[in-house]
Amino acid sequence: MTTPAPRLEEITPANIDAALAIRVRPDQEHAVAPVVKSLAEAYVHPGVAWPRLIVDGDRPVGFLMACLGIDWYGDGSDIRSGLWRLNIAAGEQGRGYGRFAVESVAAELRRRGTKKFYVTWHPGPNGPEGFYLGLGFRPDGENSGGQTVGVWELD
């Protein structure tokens, strides 16, 4: 018998409580907004925000939110897509769910014809910089709200 692979689920009335229950480790809380804030932002950015629950079997293990075509500077000069939020539950970290989430967003961006995949992260201890660099993101020299901007050239 094979173990089911993790999957992404749209946020629905049936799983919203599971999504809201996702919590990162306490030492990571400074680096990522809670799911409730992400879902509020998704509500006010319809068509741009792409929130998903990460599920393994019947276990919710994380939450991600991609941005699909966000107006980076607010003036129409630079439209970007990428990973807006990634919250892997404290007890589920180190099991490949973060990599699965990033690869799932990359697949969606490729499907949409996107060539560059953006992400931002808080630099410093307990931050995700090593994780993103290990996946192939490279800082592009920008800073957004105190966060490093990274980009991955999709093929």
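Colleague: Why is Tyr132 called buried?

Modeller: This is a predicted model, and in it Tyr132 has a relative accessible area of 5%; because buried means under 20%, Tyr132 counts as buried.

Colleague: What makes Phe131 partly exposed?

Modeller: The relative accessible area of Phe131 is 32%, and because the class of partly exposed lies between under 20% for buried and over 50% for exposed, Phe131 is placed in that class.

Colleague: How many aromatic pairs are there by the rule for rings, and why is the pair of Phe117 and Phe137 called edge-to-face?

Modeller: The count comes to six aromatic pairs. The ring centres of Phe117 and Phe137 are 4.9 Å apart, with the planes at 85 degrees; since centres within 6.5 Å make a pair and planes over 60 degrees apart count as edge-to-face, the pair of Phe117 and Phe137 is edge-to-face. This pair links distant parts of the chain, with Phe117 in strand β5 and Phe137 in the loop between α4 and β6, 20 residues apart.

Colleague: What makes the rings of Phe131 and Tyr132 an edge-to-face pair?

Modeller: Their centres lie 5.1 Å apart and their planes stand at 65 degrees, so with the limits of 6.5 Å and 60 degrees the pair of Phe131 and Tyr132 is edge-to-face.

Colleague: Are Phe117 and Phe137 buried or exposed?

Modeller: Phe117 has 0% relative accessibility and therefore counts as buried, and Phe137, at 0%, counts as buried too. Both belong to one aromatic cluster, whose members include Trp121 and Trp152.

Colleague: What makes Arg110 a charge over the face of Trp152?

Modeller: Arg110 lies over that face at 5.8 Å from the ring centre, and the distance limit is within 6 Å. Arg80 likewise lies over the face of Tyr118, at 4.3 Å from the ring centre.

Colleague: How do you know that the span of helix α3 agrees with its number of residues?

Modeller: At 1.5 Å a residue, the 15 residues of helix α3 (residues 97-111) should span 21 Å, and because the end C-alpha atoms are 21 Å apart, the two values agree. Among the buried residues of α3 are Tyr97, Gly98 and Leu109, and just after α3 Gly113 takes a positive phi of about 85 degrees.

Colleague: What makes β4 and β5 count as paired strands?

Modeller: Two bridges join strand β4 to β5, and these strands run parallel; because at least two bridges are needed, β4 and β5 pair. Gly82 stands opposite Tyr118 in β5, and the chain crosses from β4 through α3 to β5 in a right-handed β-α-β crossover.

Conventions. Residues are numbered from 1 along each chain as its sequence is written. This is a predicted model: local features need pLDDT of at least 70, side-chain atom pairs count only at pLDDT 80 or more; totals for chains, interfaces and linings use all residues. Side-chain values use heavy atoms; hydrogens and water are left out. Helices (H or I, at least four residues) and strands (E, at least two) are DSSP runs, numbered from the N terminus. The expected span of a helix is 1.5 Å times one less than its number of residues. Buried means under 20% relative accessible area, exposed over 50%, partly exposed in between (1.4 Å probe, protein chains only). Rings of Phe, Tyr and Trp (its six-membered ring) pair if their centres lie within 6.5 Å; planes under 30 degrees apart count as stacked, over 60 as edge-to-face and the rest as tilted. A charge sits over a ring if NZ of Lys or CZ of Arg is within 6 Å of the ring centre and within 35 degrees of the ring normal. A crossover is right-handed if, with the strands pointing away from the viewer, the path from the first strand over the helix to the second runs clockwise.
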